[in-house]
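Okay, thanks for coming, everyone.

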Amino acid sequence: MTERMVSFAPLLPWWGVVLIGALFAAGLGLVLWRAPRLFWPRALIAAILLLLLANPVWLQERRAVRPDVAVAVVDRSASMGIGDRTRAADAALAALRRQSPGVEWRVVTVPQAPGEPTRLAAAIERAASDAPAGRLAGIVVLSDGISADAPDPRLLPAGVPLHHLIAGDPDTPDRRLIVERVPSYSVVGQPAEVVIRIDDGPNAPGGKATLTQSVAGGRTTERTVQTGAPVRLSVPVTRRGAIEMALSVAPLAGGEATLVNNRALVRLNGVTDRLRVLLVSGVPYPGGRVWRDILKSDSNIDLVHFTILRLPTSFDNTPPDEMSLIPFPVEELFEQHLGDFDLIIFDRFSLSELLSPIYFQDLGARVKAGGGLLVVTGDEFAGQGGLGSTELAPVLPARTAGPGIAAPFRPLLTAVGRRHPVTAELPKIWGDDAWGRWGTQSDMTPTGEVLMSGAGDKPLVILDRVGRGRVGLIASTNVWWWSRGVDGAGPHAELLRRIAHWLMQEPDLDENRLDASAKGRRIDITARGLTPPEAAILTDPADRGRGVPLEPRGEGVTGASVTVGADGLYRVAAGERTRYVLAGDSAEFAEVRPRETPLAAPVKASGGGGYWLRDGAPKVRRVAPGDAAAGSGWIGLVENRAGAIVAVDEKALLMPPLALLLAAGLFVLAWWRERR
């Protein structure tokens with residue numbers, strides 16, 4: 001490409017030319033005043049001389065023009081596989097290339113991470129930043145418009161149009177199950193309300209649909225609901241922790257684009273308002289303070305603590321109205337408010353005469369119904385008034401086996417303790433070094449799981465499940481030794497805290513857990529247990545089940561990774577546990593109808609246009625910078641004419657000899673006129 005222009009190469013600095021011009025102007029002014037008829041010859045002479053000093057030249061630039069660049073952002077996500085969307089996009093791209101000779105097309109494909117939605121904005125912004133400056137003629141997006149984001153118009157280059165060519169039919173038949181509202185948490189014992197909606201499309205008439213509702217570990221129910229209107233579902237929250245509910249709706253009678261979005265997975269989080277703990281200390285001793293400090297430091301626990309200092313039968317001459325002690329409120333605690341406590345702890349309690357047998361029977365029933373009970377005991381357990389001889393004994397996890405042991409020993413984790421979530425993390429928290437010694441221990445015969453052993457491998461920490469409740473027993477009162485560093489320290493706070501929360505059914509401390517997660521079509525299954533399961537049952541969206549062997553993954557952990565062949569909602573069952581997981585491109589297929597909304601704002605801001613490929617691919621026009629870049633049936637690509645100068649040819653416009661000869665002739669003419 002060649003460009004021509006006129007320039008100047010003055011023989012003197014410009015200030016010198018201007019000074020001489022000023023002198024000429026002054027002389028010409030004097031001539032105009034004294035002899036006006038002599039002005040024009042002298043003015044022409046001055047102009048020729050000034051032009052000679054300015055030295056005008058003819059410049060001719062030769063440029064190597066580089067072609068403009070157009071970027072085509074082509075969507076290759078899973079939703080583009082519906083119908084003929086990919087074929088339509090490829091055909092449109094081929095047509096654009098044919099209609100724009102001299103334009104360098106750069107194609108950027110939009111990949112999709114497994115299990116993630118399409119993100120067009122990131123691809124558009126990356127393509128715009130990678131294009132050469134000054135040569136970008138436009139960005140054309142060929143997509144169905146299904147995107148989780150949209151580019152910020154301010155991030156696109158100024159003057160570069162963004163066009164959106166939309167593949168697919170906006171009236172594609174598809175039914176969607178939309179979860180509109182899920183509470184962030186739900187209080188145990190109160191039903192949670194989940195709001196859903198069945199969407200058959202913007203132009204679909206209202207109708208009925210069959211909704212199936214399945215709670216993990218619970219029952220499956222069916223009901224008929226109205227489409228297009230909010231549907232409120234009441235979900236019972238019976239326990240703390242995650243509660244999974246699988247929802248599915250029957251497909252349209254005439255078929256759909258996909259059945260993936262006919263299913264949804266709802267996760268609720270069951271919580272308790274406050275956990276209430278009753279701590280009853282039979283005698284004052286340093287261990288009572290340790291328990292109190294640990295439980296009071298937990299913001300989620302309301303602690304009620306009684307230390308029995310005086311029996312009702314004790315003789316004291318002090319008048320009752322002068323005593324600061326209150327009677328132990330047996331009736332209030334164990335009759336009126338027994339069901340209010342999530343955990344009851346008896347610490348060195350040997351005063352069973354305070355409670356009638358009926359209270360111990362009620363406490364045992366409370367445990368079986370879902371309560372928690374912990375006994376911290378020494379030799380008093382089997383002595384007169386000890387809990388081992390009360391109506392509570394049948395629910396306790398151990399029986400007395402012999403006299404107490406008074407000899408130093410180090411508490412050690414058993415094989416079960418190294419797998420149980422209550423104690424498995426203690427070596428990581430405190431370290432693998434030997435923990436401090438304790439000095440006394442009760443001899444017990446366990447009926448539950450022994451997590452820690454003491455002197456002579458005797459059971460030290462025992463946990464068990466009774467009905468829907470849980471019980472625990474610590475066969476020593478020396479746990480406070482670790483807090484004071486008596487003969488060495490140990491993880492006393494973490495041990496007691498984790499025991500208390502396990503007894504209160506903390507989900508994260510459940511020894512029998514099943515976890516399932518998905519990334520794309522790969523499902524990862526992890527099972528934990530004292531005796532972890534060796535296989536799981538995987539049920540696909542078509543309700544076909546198959547066995548999945550679980551391989552050992554560590555102490556008390558088995559698992560497997562499975563690649564499934566279809567997108568949708570899967571059910572995983574192992575032992576008594578059931579989990580649901582959404583596999584595949586569930587986020588991508590949440591809404592599969594093509595749309596222009598995600599890119600509408602940046603397309604308009606850039607001066608581009610949006611076109612449906614079902615109406616045909618638009619024509620391509622080259623437009624000048626600043627002109628309209630979109631119209632009815634056509635898109636514009638800016639003609640930047642960018643390039644690099646390879647040579648400059650220079651030619652003088654005024655030859656000095658000719659200029660001097662012309663000036664001399666004008667001098668002669670001026671002299672002749674003066675003579676006349």
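So, a word on labels: helices (H or I, at least four residues) and strands (E, at least two) are DSSP runs, numbered from the N terminus. This is a predicted model, so local features need pLDDT of at least 70, side-chain atom pairs count only at pLDDT 80 or more, and totals for chains, interfaces and linings use all residues. Residues are numbered from 1 along each chain as its sequence is written, and side-chain values use heavy atoms, with hydrogens and water left out.

Let's start with helix H1, residues 14–34, which is where you'll find Trp15. Is Trp15 buried or exposed? Exposed, with a relative accessible area of 64%; the cut-offs are under 20% for buried, over 50% for exposed, and partly exposed in between, with a 1.4 Å probe and protein chains only.

Next, helix H5, residues 286–296. Its buried residues are Gly287, Gly288, Val290, Trp291, Ile294 and Leu295. Looking down the axis of H5, they fall within an arc of 160°, so they line one face of the helix. That arc is taken from the directions from the helix axis to the C-beta atoms. As a reminder, an α-helix has 3.6 residues a turn, so residues three or four places apart point the same way.

Now the sheet. It's an open one of 4 strands, in the order E25-E26-E30-E29, with antiparallel pairing. E25 (513–519) and E29 (551–554) stand at the edges with a single partner strand each, so one side of each has no neighbour in the sheet. Pairing here takes at least two DSSP bridges between two strands. E26 (residues 522–528) and E30 (residues 557–563) pair over 7 bridges, and Ile525 has Ala560 in E30 as its bridge partner.

On to charges. The whole structure has 34 salt bridges, meaning a side-chain nitrogen of Lys or Arg within 4 Å of a carboxyl oxygen of Asp or Glu. One of them joins Glu506 and Arg240 at 2.6 Å, N to O. Those two are 266 residues apart, so to speak from distant parts of the chain. Glu506 counts as buried at 18% relative accessibility, and Arg240 counts as buried at 16%.

Last one: Arg579 and Asp515 meet in a salt bridge at 3.1 Å, N to O. Arg579 is in strand E32 (residues 577–583) and Asp515 in strand E25, so the pair ties together parts 64 residues apart in sequence. Both belong to a salt-bridge network that also links Glu244, Arg267, Arg513 and Arg528.
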